[in-house]
Amino acid sequence: WKDGIKHNVHLIVDGSEQRIQVPPHKTIKDLVYSGKKSMYSLAVLVICDIRGKIVYVGKTEGGAQPDVSLYKDAAPRLQALFDEDIVILGDKGFKGGQKYYTNTITPKIKSASLIDHMEYTDKMIRKRTLDEHRLRQGKEATKVSKKLKALEAKVTKEGFDAERILREKDESNRIKKVRIIIENVFGEMKKWNILSDTIRSLGDLSDNIQRHNALWTIIAYLTNMFHSFGRDDDFFK
């Protein structure tokens, strides 16, 4: 993040899935089964701005499509709608989205070594807190487990980079602070039961997809009309 999220991100993207009845045919099952949610579903891409206003609802597709595939299909439309300097923030499911829309930002995937360091730090903090409590009670400190010893040896060999850990945690917190906006938008949209209830199959798959997409588009319009997601400037400080 060059100047902080406040100055970089204009829009937030995410995909949402809605459960459907189990299809009768295997071919359709393969198209709509979501491995991510372990259910049969229809998926749709939604984009909002940092104030929570919905600016784009993509085409509905089967739940087997990952978020980045929905993003790929939406790319030509996004390029037509938004100026090239508009930056879109996605979660890890949109990794590689830069190939389809250049100004796409996604969280960094933590390296294995950094995960080890963070796990070691958290475990040591918990151990020291527990030991301090036990010592105040006149008890002995807890023994270092084999797993913790192995982890300590590993991070010692790799080198402990506390500054990097703090930097990564700070970046993660900044991302969460912005991404919660679209989560709140989904929360408002799904107060309408028609978007949260299981879809009962009426006709063939294409009919259900068209109906699903029309409903999400209508509810997006109503959400923008009746709900305010405005934030003051202090929200991003």
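**Exercise 1.** Does Tyr-33 count as buried, exposed or partly exposed, and what is its relative accessibility?

*Solution.* Keep in mind that this is a predicted model. Step one: the relative accessibility of Tyr-33 is 36%. Step two: buried means under 20% and exposed over 50%. Tyr-33 therefore counts as partly exposed.

**Exercise 2.** How many aromatic pairs does a search of the whole structure find? Then classify the pair of Tyr-33 and Tyr-40.

*Solution.* The search finds three aromatic pairs. For Tyr-33 and Tyr-40, the ring centres are 5.1 Å apart and the planes meet at 65°. Planes over 60 degrees apart count as edge-to-face, so Tyr-33 and Tyr-40 form an edge-to-face pair.

**Exercise 3.** Work out the geometry and surroundings of the pair Phe-186 and Trp-216.

*Solution.* Start with the rings: their centres lie 6.3 Å apart, with planes at 75°, so this pair is edge-to-face. Phe-186 belongs to helix α6 (residues 162-189) and Trp-216 to helix α8 (residues 205-226), so the pair ties together parts 30 residues apart in sequence. Now check accessibility: Phe-186 has 7% and counts as buried, and Trp-216, at 0%, counts as buried too. Finally, look for a charge: Lys-190 lies over the face of Phe-186, 5.9 Å from the ring centre.

Note on methods:
Residues are numbered from 1 along each chain as its sequence is written. This is a predicted model: local features need pLDDT of at least 70, side-chain atom pairs count only at pLDDT 80 or more; totals for chains, interfaces and linings use all residues. Side-chain values use heavy atoms; hydrogens and water are left out. Rings of Phe, Tyr and Trp (its six-membered ring) pair if their centres lie within 6.5 Å; planes under 30 degrees apart count as stacked, over 60 as edge-to-face and the rest as tilted. Buried means under 20% relative accessible area, exposed over 50%, partly exposed in between (1.4 Å probe, protein chains only). Helices (H or I, at least four residues) and strands (E, at least two) are DSSP runs, numbered from the N terminus. A charge sits over a ring if NZ of Lys or CZ of Arg is within 6 Å of the ring centre and within 35 degrees of the ring normal.
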